[in-house]
Amino acid sequence: MRIIVDAFGGDHAPVEIMKGCAMAVQDYQVDIIACGNEPVLREVCEKNHISLDHISITHAEKVILVEMEPTEVVKSYDDCTMAVGLKMLASGEGDAFVSAGSTGAIVVGASLFVKRIKGIKRAALASAIPCKNGCYMLLDMGANTECRPEMLMQFGVMGSIFMENVLGVPSPRVAMVNIGTEENKGLELQIAANALLREAPVNFIGNIEARDLPFGCCDVAICDGFTGNVVLKLTEGLGKWFAGELKGIFMENTASKVGYLCVRQGVERFRRSMDYKEYGGAPLMGTVKPVIKAHGSSDAKAFKNAIRQAKDYAGRHVIGQIESALEKLKKEAK
C-alpha cells in the first residue's frame with residue numbers, strides 16, 4: 001500500500017515525520033511517498049540516520065503555515081507540500097494521505113482536490129477518544145463550526161460505519177452531545193438532528209451529556225465542530241493534568257514510591273490510554289479517498305500510528321461502506 005505524506009506539516013517536521021515514515025515502513029510494510037523539498041529531506045535523513053528504504057520523495061518547496069488562510073492551499077499555495085500530496089491522492093498515485101499540517105487547509109484542500117463523497121454535505125474530522133473500557137469516536141472535531149441537521153445525521157452514519165468496520169464495534173451506539181438527554185433539549189439544530197437520526201440506519205440512542213462521555217455510554221458522539229473541539233481539548237487537558245497529579249502523589253515520599261511499584265503497570269496502561277500518540281490521526285470522513293489529519297505536535301511515534309490508521313482506513317474499504325449507506329438513505333427517502 002502506498003501512503004502519501006506531507007513531510008513538512010506539523011511542529012516537528014521534517015525530522016519526526018521522516019522518522020515516523022521509516023518506522024511505519026518497518027512495522028506496517030507500506031511504501032511512502034514524501035512530499036517536500038527533496039535536497040532538504042535527503043540531508044535530514046542522512047544527518048539523522050533515517051532509512052529511505054521504500055520511501056520516495058516528490059519535490060515541493062512551499063509549505064502552507066498554520067497561521068495562513070486555509071483557502072490559500074488552492075490559491076497561491078496550490079503547489080505546496082500539502083497540495084501536491086492531495087493532488088497525487090486524487091490522481092490515484094497513492095492509497096491515502098497523511099499530514100500534521102494546518103487543519104483548515106487540509107479540510108479545504110481535501111474537499112476541493114480530492115472531493116467529497118456524492119451526497120455528503122461536509123467532511124468531518126473524527127477521532128477515537130479514550131474512555132472507560134475502550135474509546136468512543138467524536139465527530140466533528142473542528143472542521144465545521146456551524147452545521148445543519150442533515151450534516152449531523154451524516155456524521156452519525158459515517159462514524160457508525162467507521163467504528164464497526166475499523167475498530168470492530170458491533171452495532172455502534174450513536175449519541176448526540178447535548179445539554180440534556182431529553183429529545184427537546186438543545187437549539188433548533190440539535191432538535192431537528194435528533195429527529196433525523198431516529199430515522200437513520202444507525203443505532204441512535206439519543207442525546208448524551210458531556211459528563212457521560214468518559215464512562216463509555218456511547219460508541220459514536222456527534223456534534224458541530226465548535227462543540228467537538230471544546231470536548232477534545234478539555235479531554236486532552238484533563239488527561240495531562242491528572243497524569244501529572246498522579247505522578248506527584250507517588251513521588252511524595254519513600255512509602256508512596258514503594259506503593260507505585262505495586263501499581264506501575266496499571267498506571268502505565270492508563271497513561272497510554274490517554275496518549276494521543278497511541279491513536280494516530282483523525283480521519284477526515286466524507287472524502288472519496290482516505291485523508292488523515294495527524295496531531296500538529298506529532299513526534300515519530302504519533303506519525304507512525306497515523307500512517308497505520310491511514311492503512312487501516314484504506315484497506316478496510318470504509319469509504320465504500322459509507323457510499324453504500326448513503327445510497328440506501330437516498331432510496332429510502334424517495
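Student: How many Å separate the centres of domain 1 and domain 2?

Tutor: This is a predicted model. In it, the two centres, taken over C-alpha atoms, are 26 Å apart.

Student: Which residues belong to domain 1 and which to domain 2?

Tutor: The domain assignment gives 1–119 + 286–316 to domain 1. Domain 2 is 121–279.

Student: How many residues does the contact take from domain 1, and how many from domain 2?

Tutor: Domain 1 puts in 19 residues. Domain 2 puts in 16 residues.

Student: OK, the core next. In the largest nonpolar core, which residues touch the most other members?

Tutor: Val98 and Ile307 do. That core has 64 residues. Helix α5 (residues 149–165) gives the largest share, 9 residues.

Student: Where does this core lie?

Tutor: Domain 1 and domain 2 both give residues to the core, so it lies between them.

Student: What about the second core?

Tutor: The second core is separate and has 39 residues. Met82, Ala105, Met141 and Ala221 are among them.

Student: Why are nonpolar side chains found together?

Tutor: In soluble globular proteins, nonpolar side chains tend to be buried together.

Student: Switching to helices. How do α3 and α4 cross?

Tutor: Helix α3 (residues 81–90) and helix α4 (residues 103–114) cross at roughly 35°. Their axes come within 9 Å. The crossing is right-handed.

Student: Which residues make that contact?

Tutor: From α3, they are Met82, Ala83, Leu86, Lys87, Leu89 and Ala90. From α4, they are Ala105, Ile106, Gly109, Ala110, Phe113 and Val114.

Student: Is α3 enclosed, or is it open?

Tutor: Largely enclosed by the rest of the structure, because 8 of its 10 residues are buried. The buried ones are Thr81, Met82, Ala83, Val84, Gly85, Leu86, Met88 and Leu89.

Student: What happens just after α3?

Tutor: Gly92 takes a positive phi there, about 85°.

Student: New topic: Asn207. Where is it found?

Tutor: Asn207 sits in strand β8 (residues 203–208).

Student: Is Asn207 buried or exposed?

Tutor: Buried, because its relative accessible area is 8%, and the cut-off for buried is under 20%.

Student: What does the side chain of Asn207 reach?

Tutor: It reaches the backbone oxygen of Glu182 at 2.7 Å. The Asn207 side chain also makes a polar contact with the side chain of Asn194, at 3.3 Å.

Student: What else does Asn207 touch?

Tutor: Beyond residues up to four places away in sequence, the contacts of Asn207 include Met176, Asn178, Gly180, Thr181, Glu183 and Lys185.

Student: Last one, Val166. Where does it lie?

Tutor: Val166 lies in the loop between α5 and β7 (173–177). Val166 counts as buried, at 11% relative accessibility.

Student: What does Val166 touch?

Tutor: Ile161, Asp312, Arg316 and Val318, not counting residues up to four places away in sequence.

Student: And how many Å apart are Val166 and Arg122?

Tutor: They are 21 Å apart in space, C-alpha to C-alpha. In sequence, Val166 and Arg122 are 44 residues apart.

Notes: Residues are numbered from 1 along each chain as its sequence is written. This is a predicted model: local features need pLDDT of at least 70, side-chain atom pairs count only at pLDDT 80 or more; totals for chains, interfaces and linings use all residues. Side-chain values use heavy atoms; hydrogens and water are left out. A nonpolar core is a set of buried Ala, Val, Leu, Ile, Met, Phe, Trp, Tyr and Cys residues joined through side-chain atoms within 4.5 Å. Buried means under 20% relative accessible area, exposed over 50%, partly exposed in between (1.4 Å probe, protein chains only). Helices (H or I, at least four residues) and strands (E, at least two) are DSSP runs, numbered from the N terminus. Domain bounds come from an automatic or database domain assignment. A polar contact is a pair of N or O atoms within 3.5 Å; within protein, one must be able to donate a hydrogen and the other to accept it, and residues adjacent in sequence count only if both atoms are side-chain atoms. Contact means heavy atoms within 4.5 Å. Axes are lines fitted to C-alpha atoms, for helices over the stretch in contact, and angles run from 0 to 180 degrees between N-to-C directions. A crossing is left-handed if the near helix is turned anticlockwise from the far one by less than a right angle, and right-handed if clockwise.
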